[in-house]
Structure formats: structure tokens, C-alpha cells
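Dear colleague,

Please read them alongside the coordinates.

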Amino acid sequence: MPRVPAAPLRRRNRTTEDRRLPFLALAARRRPWLRALGLVTVVLTGAWLGLLVVGNVRAPVGPMDTTMALRPSLSGGTKINVSPLGALTLDSHVAPLRLDVDVDQLDPVRAQALVDHPERLSGLQQEVTDDIEHGTLDLALRSTVAVVTGATVLGLAVYRRPRRALAAGGLALALLAASGISAYATWNPRSVLEPRFSGLLSSAPSVVGNARSIVSEFDVYQKELARLVTNVTKLYDVASTLPAYQPDPSTIRVLHVSDIHLNPASWKIIESLVTQYKVSVIVDSGDTMDHGTAAENGFLDPIEDLGVPYVWVRGNHDSQATQRYLEHMKNVHVLDDGRAATAGGVRFAGMGDPQFTPDRSRPTGGDAAERLAGARLASALRDQRAKGTPVDIAVAHEPVAAQETDGTVPLVLCGHLHTEGSKILPLGTRLRREGSTGGSGLRAVEGQYPAPVEASILYLDRDTRRLQAWDEIELGGLGRTTAEVSRHLAKK
């Protein structure tokens, strides 16, 4: 019989084998880059499934029972969920994994032990630190097993080859190790001093110490977390049995508001913040009104009932008539032409906006007019310093004018842009710009999404009156019920 050539037989065998291969494996064989992409997809999917199924541990942390888990993330960080109060988010590390800590419950036995033996509170911080270290170690071991097992099992199911499955498990282990190294290299222990709060926890103000000791104990006050519901006018009034907030006598608390734009809900929010944070003085950097007409003046009457000094500068939507109305109100300090005043233990000086934009009959001076007004304010600040009465905080409405005070005052406040921001100017002055405490007024309904309501609590050292830290407070706009507080430290 004639012999069959070997090559055609091999081709037939290869064709038969190709028919038996799964579609993905066949496509990967023909395109190497697709093979690599498929392997990475299998590894990531298997690792994620492994973490979801078994990648969490239950661990006691002080008097609390918690559940710790690693979750995929683009930015990393740590999220602490305290149901039903809300969550704290920390920028603790940069890695493709986020640490989630769920506070499940308060253990009554361990909590009662702290009540019966208050001397143990002094060692609670170290106890919590040790508990977290042990829980994190257990979580790392369990997560390693979960990631490798998930990737290996899924690799075996997809490729049906042990060698390829083991390669998937090895790659998953390498990726987890790289993530751990990234988290370790970027670990930021100071992130606990600058958390972001959401939910009811956003109503927990922080106690900030003086320049020698910035304290970061976040106590939850007893009631009244302002929130916005339909029409921007409804607010929460949440009763709680948590401890009442006790103010720190070593700090002065300044509430910075701006661009209220005739939103009546703003007065309720401001009143709530004054009570919650034990505010010493309120600073309004202008645009309290919208058109500056005499008919609008009655909108300002609730200022007299806030119970603390109110420092105000004119914005480009506030008229001279508005300014005169405020000058005759008790406990209101109107700042203009570099005039200085002391309120709440802090010395302020300010300049009203030189432009009144609702009046279309007059041309506006643009940035040149703002820079000129800022230069006049800077000159007044230098005069005050020469007289031995230096100003602690300067106030202007427009950021262009505020920047002209650089080098003449430690801190300058402004508004106008309806977005918050902070930066150090070239000569060392810190510029703090507030968002709209009125949620941009009627403009809130113009965009696709409602504008948030924003305000800030500034913490000043009582001796030096220098800024130590500030809390940015943001409430959801029209029809939304979100609330967030972000802590920021004033780095030297």
C-alpha cells in the first residue's frame, strides 16, 4: 500500500484539534496579543470574584465588631462605613485596591468595660491600632488565597489546561504583590487628619487645637444636620443620642459664606452651622442679593437673629443701597475702602466690589477695576500694620481684587466664582475662595445638575489668629439630599 505523507496528516490532526478548542483559545492562538489580553481579563475577573466570595475578615477593633475587605478601585484609599450614620473616606494610599471597613455593631461587653473602667480609655488608641494591624494581616493572607484561587479556577474553566490556569494564578499573585507594594510606598498616615465625611457623619465637626497641637477628635453633636430637599427650602432636623459637641476653647471658629443670591434657605443653613460649630463670627464675601433693589432689603433681616457678629463686603450684585441698609443693622460690620473692624476676636479689613453689574446703564471696569480696588485694600492693610494694628483676615468679593493683597495679610477671603478653592499666593498670603452658600440662587435650575450649597468653617489659633485648618461643607442642591464635610490642614 502507498504511504500517506506525514505533512497532510499533521494538518488534518491540527484542524481536528482546532475544532475541539474553545473559541477564545482558538482566537488567542491566531493572535498573540489577544491571548495576552484574554489572560489578563481572566486574571482580573477571577481575582475580583475571589475577593467578593471569600476576601473579607471579621475583626474586633476596640469595642466594635468590623468587617474588612479589599475591593477593586481606580484610586485606592480607605472607606469606613458606619451604618446608619454614613461613611468616612481617607486618601490613605494609591493602589488599584481600596480597603473597606464596615462597622457592624458595638460589642456591649467591651463597651461596658470601658464605661466601668474609664482609665482604659488612655490605652484605647494603641488597642485600636493593634486590632487594625492584626485585622489587616489576616485580610492580606485571606485576600491572597482568594485572588490566586479565583484566578486559577477561572483560568482552568476557560483554558482547560492546568499549565495555563497556574499561569493565571501566578499572574494574579504578582498583581496583588505589586498593589501591596504600591500601597505600602504611598501609605499616608496623615490622611486620618483630612477625612471626607458623607451621610449623617458630615454633621460631625472637628475639634482643632492650637498651633502646637492640632487635635482631630471628631465629636458628633446632638441634632440639626441641615439638608436640602425639594425647592432648596426643606432641612433635616435629625435627633440623635450621640454625645453633644463640646467646643475647644483654644480655637476661634469663623464661618465663611458667600454668594447667597437671595436664597432664603441659606439663613436656616447658616443658623444651623452657627449652632453646631459654636461659630464666633460670620464672614460674608458678598453677592448676598441678586439685583440690589430696595425691595430686596427685607431679605437681610434674619442676620440680626443669628446671634454672632456678621462681617460683610459688597459684591457685584449688591448695591450701595444694600450696603447702607446693612450699616444700620445691629451686630453687622460692613467693610469698605480698606476699613478695619474687630469681631469675634479677629481683626478684619475689606473692600467692596467696585462694580455693580445689574445696572446695565453703566459700563463695567473689568479686571482693571478689580485690581485697582485690590491695590487700595493692600495699601490700607500696610497702613494698619504700620500703626501696630495688623489685620488678621482681609475680605474682598472678586478673586482678582483679593490677589492684590498678597504679602500684606496672612489670609484673604473671597467668592464670586461659585466654586470653592484655596491656594498660597507667591508672597505667602493664603487665598480662600468660597462657593455659593445660596446654591447659586435662581441659577441653580439653569444647568443640567443643581448647584451645591457650600460654606466653610475656618479654625484660627486664639493666640496668633492664624489659620490652622478648615472644613469644607457641601450640601446637595435642588431636590438632592447629600451632605459632605472635608477636613483640610493649613500646611506651613
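Which residues are linked in a network of salt bridges? In this predicted model, the network joins Glu-420, Arg-432, Glu-434 and Glu-472. Within it, Arg-432 forms a salt bridge with Glu-472, with the closest N and O atoms 3.9 Å apart, and this pair links distant parts of the chain, since Arg-432 lies in strand S18 (residues 430–433) and Glu-472 in strand S20 (residues 467–475), 40 residues apart. Both Arg-432 and Glu-472 are buried.

The structure holds nine salt bridges, and two others deserve a description. Asp-336 and Arg-314 meet through their side chains at 2.9 Å, N to O; Asp-336 sits in the loop between strand S12 (332–334) and strand S13 (340–343), whereas Arg-314 sits in the loop between S11 and helix H8 (320–327), 22 residues apart. Asp-336 and Arg-314 are both buried.

Asp-337, also in the loop between S12 and S13, pairs with Arg-376 of helix H9 (residues 366–386), 39 residues apart, in a salt bridge of 2.8 Å, N to O. Asp-337 has a relative accessible area of 48% and therefore counts as partly exposed, because that value falls between the 20% and 50% cut-offs. Arg-376, at 44% relative accessibility, is likewise partly exposed.

Finally, Glu-271, Asp-301, Glu-304 and Asp-305 form a negative surface patch. Of these, Asp-301 is found in the loop between strand S10 (281–284) and strand S11 (310–312), and is partly exposed, with a relative accessible area of 36%.

How values were computed. Residues are numbered from 1 along each chain as its sequence is written. This is a predicted model: local features need pLDDT of at least 70, side-chain atom pairs count only at pLDDT 80 or more; totals for chains, interfaces and linings use all residues. Side-chain values use heavy atoms; hydrogens and water are left out. Patches are made of residues with over 30% relative accessible area and no salt bridge: like charges are joined within 9 Å, nonpolar side chains (Val, Leu, Ile, Met, Phe, Trp, Tyr) within 5 Å. Accessible areas come from the Shrake-Rupley method with a 1.4 Å probe; for residues, only the protein chains shown count as cover. A salt bridge is a side-chain nitrogen of Lys or Arg within 4 Å of a carboxyl oxygen of Asp or Glu. Lys and Arg count as positive and Asp and Glu as negative; His and the chain ends are not counted. The place of a charge is taken as NZ of Lys, CZ of Arg, CG of Asp or CD of Glu. Helices (H or I, at least four residues) and strands (E, at least two) are DSSP runs, numbered from the N terminus. Buried means under 20% relative accessible area, exposed over 50%, partly exposed in between (1.4 Å probe, protein chains only).
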